[in-house]
Amino acid sequence: MPDVISCRNLRKYYSGVKAVDGLDLSVENGECFGLLGPNGAGKTTTIEILEGLTSPDSGDVEILGLTWRKNERQLRERIGISLQETQLTEKLTVFETLRLFRSFYRSGADPEDLLRDLSLDEKHDARVGKLSGGQRQRLAVACALVGNPDVLFLDEPTTGLDPQSRLQLWDIVQRFRQKGGTVLLTTHYMEEAQRLCDRVAIVDHGHLIALGTPADLIAKLQARNVIEFTSEPRLEQEAVQAIDGCAGVTAHRDGWQIRVHSLAEAVPQLIGAVERQGAKLVSLSTHEATLEDLFVSLTGRELRDA
Amino acid sequence: MPEKTRIRPPIIELASTRTKEFLREKEAMFWVFGFPLILALALGFAFREKPPDRVPIAVVAGPNAQQRLAALRKSSTLLPRVMNEQEARDALRRGKVSLLIAESAESAGSDTIVYRFDATRPDALSARQAADDALQTAAGRRDVVVSREERVHEQGARYIDFLIPGLLGMNLMGTGMWSMGFTIANARMKKLLKRLVATPMRKTDYLMAMFLSRLIWLIVEISVLVAFGWIVFGVRVNGSIVVLALLCIVGGYAFSGIGLLTASRAKSIEAVSGLMNLIMMPMWLCSGVFFSYERFPDSVKPFIRILPLTLLNDALRAVINDAAGIPQIAFQLGILAVWGIVTFVIGLKIFRWQ
Ligand SMILES: Nc1ncnc2c1ncn2[C@@H]1O[C@H](COP(=O)(O)OP(=O)(O)OP(=O)(O)O)[C@@H](O)[C@H]1O
Ligand SMILES: [Mg+2]
């Protein structure tokens, strides 16, 4: 089975910025693939090159075995797109908007059915300008789905949404996949990637820095657990590194984040170290390592506010 | 199972959503319909035909003053008043009266009348003539040739007859350019254009739909303005309505083409507004909307004549006032069509979808 999406050696430079710098990706049929990275990593540039909206400086793109240069119209019929920022016409109603988009495709879903599937039927006759952020995003995804695409491209589908709206969108993506669809999405929410994606590519400065299933990537971290703590006064970095089993230390808010193999070993040691320094523990929390921690360990920066 | 939604061709969907969008935009409705009507109403009343004002003149108080006053009152163009000598001289000096009628000082007792006036004042000479006629007739002069007056008040020659076609032209320019320019720049800025080209939509469908929905508004817009001029000011369309409609559509589309070109690359509403004003300003000033461009020097008139708004205004006036047919406005129609087609083609070529 050939890849549904593949690109080789993709490059796109803007004056002074290497937005995409030699990227190879391939997405299999039926897969949900996540493109993860901080702001300015090149996610949007990459996905828009794949969508045939931006032309790369160099590199080849193939979608469903077709190329943008030769098969643009055919491809447009078979993919669905939600851009990072599109403001649909505010004065039109939800239904009018969806019916308009439906008219562009030779075949596709019935707008009424789609609105019901996406729980937008209550807003059938509401103006787009009066929708909440979550409803607007669902309408954007509805416009992407209305042509019954084989491949769905979503650029930051849940950024800025409340947890409930986010769950609703994840549900929509999962139902699309159950019907055999392939998805490429970008996000800077690790949780989203972990929940939705079969494989993720972590990009930074237009480079691929890690690729694999979420579980594999996390397994690459030698330490599976993360402790975040603050103390008064703050400990020296050397004192933290000296703790047995400490695999990495990063500054975190007013305190430290350390990655360890075993919590049972590390926590008592940490408390001992704090006492030895004559300091007082202010807060301490632990969690299992996530993709976020992988990003931190790879780049030394945090993902969200990098 | 509920009824399946009927899906119409994209060009129809695009045109109908575009029309609905416009209908729901109250400000746009005002600028297309409200503003030109208010402007026409205001200007129409300011310049409406009034019976000519009577010219105020002074009769210096004296023995014959009352008799003269009675004679002068018979003239339909004079407004005589009796004043004493000093008052009358002051009134003349200040321009409150145009003519002063006195008795001759040196030949006291005789009936010599003295007309005192400033010959550079345009109404003074006619006032003098009218006053003299009235006084001579009263004194017993008989006209040797019989004469009769025929007042002309021809529909088609009044200022409002000049103005309404000019306003129609100006409105077609404004709405034609704005409806294209604003919509396109706005859709580009909101990434709506980018979203649309990410679908299988044909790019020409999008632009053709804009032209199609424009046609609907164009017809409504023309009907409203022409009907308004006709009903309120009696500005009749002397030529054929069909020719007028054809001219308005060609003219309207010429400006849509120019609007498309103007907005073909602009990335913001501000940029497009600036460009539009830059293009429309010379035409507001030169194309004879409010006043004839005949006063411009002969050397620039050929350029003024091929500006799209001048072409449209000239042809509109020819059809509305002078009942011109297609042959008489063929030149204007032709050049307008060239403007529309050339700007549309260039605009489409350099169009930026993102
Ligand atoms: N049209 C453009 N002109 C110039 N620079 C651009 C352009 N588009 C993107 N860039 C730059 O390329 C880099 C990558 O941008 P891109 O939008 O792909 O990042 P991103 O990963 O999508 O970020 P975000 O999470 O903020 O959406 C950024 O530094 C950006 O400033
Ligand atoms: Mg982005």
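**Where the two chains meet**

Between chain B and chain A, about 3000 Å² of area is buried, and carbon and sulfur atoms give 57% of it; buried area is the accessible area (1.4 Å probe) that two parts lose on being put together, summed over both. Select B:R24, B:R195 and B:P200: they supply 25% of the area that chain B buries against chain A, more than any other three residues.

Before going on, please note that this is a predicted model, in which local features need pLDDT of at least 70 and side-chain atom pairs count only at pLDDT 80 or more, while totals for chains, interfaces and linings use all residues. Residues are numbered from 1 along each chain as its sequence is written, chains are lettered from A and ligands numbered from 1 in the order in which they are written, and side-chain values use heavy atoms, with hydrogens and water left out.

Next, display the residues on both sides of the contact: 27 come from chain B and 32 from chain A. Contact here means heavy atoms within 4.5 Å. How many salt bridges are there between chain B and chain A? The count is five, a salt bridge being a side-chain nitrogen of Lys or Arg within 4 Å of a carboxyl oxygen of Asp or Glu. To view a salt bridge between side chains, select A:E96 and B:K20, with 3.6 Å from N to O. Now colour α1 (10-23) and α7 (192-197) of chain B, the elements that give two or more residues to the side of chain B that touches chain A. Of that side, α1(B) gives the most, with six residues. Helices (H or I, at least four residues) and strands (E, at least two) are DSSP runs, numbered from the N terminus.

**Chain A as a whole**

Of the 306 residues of chain A, 55% count as buried; buried means under 20% relative accessible area, exposed over 50%, and partly exposed in between (1.4 Å probe, protein chains only). Among the contacts in chain A between residues at least 6 apart in sequence, 67% join residues at least 24 apart.

**Three loops of chain A**

Select A:Q277 in the loop between α10 (263-276) and β13 (280-288). Residues up to four places away in sequence aside, A:Q277 touches A:L235 and A:A239. Is A:Q277 buried, partly exposed or exposed? A:Q277 counts as partly exposed because its relative accessibility is 47%.

The next two stops concern backbone geometry. Most residues other than glycine have a negative phi, and most peptide bonds are trans. Select A:E232 and A:P233, which are joined by a cis peptide bond with omega of about -5°. A:P233 is placed in the loop between β10 (225-232) and α9 (237-241). Then move to A:H205, in the loop between β8 (199-204) and β9 (207-212). A:H205 is not a glycine, yet has a positive phi of about 50°. With 52% relative accessibility, A:H205 counts as exposed.

**Stops in chain B**

Show chain B again and select B:A323, in the loop between α12 (308-322) and α13 (326-349). Although B:A323 is a residue other than glycine, its phi is positive, near 55°. B:A323 counts as partly exposed, at 39% relative accessibility.

Finally, select B:T175 in helix α6 (residues 159-189) of chain B. B:T175 counts as buried because its relative accessibility is 7%. Leaving aside neighbours within four places in sequence, B:T175 is in contact with B:V32, B:R214 and B:E221. With B:E221 there is also a polar contact of 2.9 Å between the side chains; a polar contact is a pair of N or O atoms within 3.5 Å, where within protein one must be able to donate a hydrogen and the other to accept it, and residues adjacent in sequence count only if both atoms are side-chain atoms.
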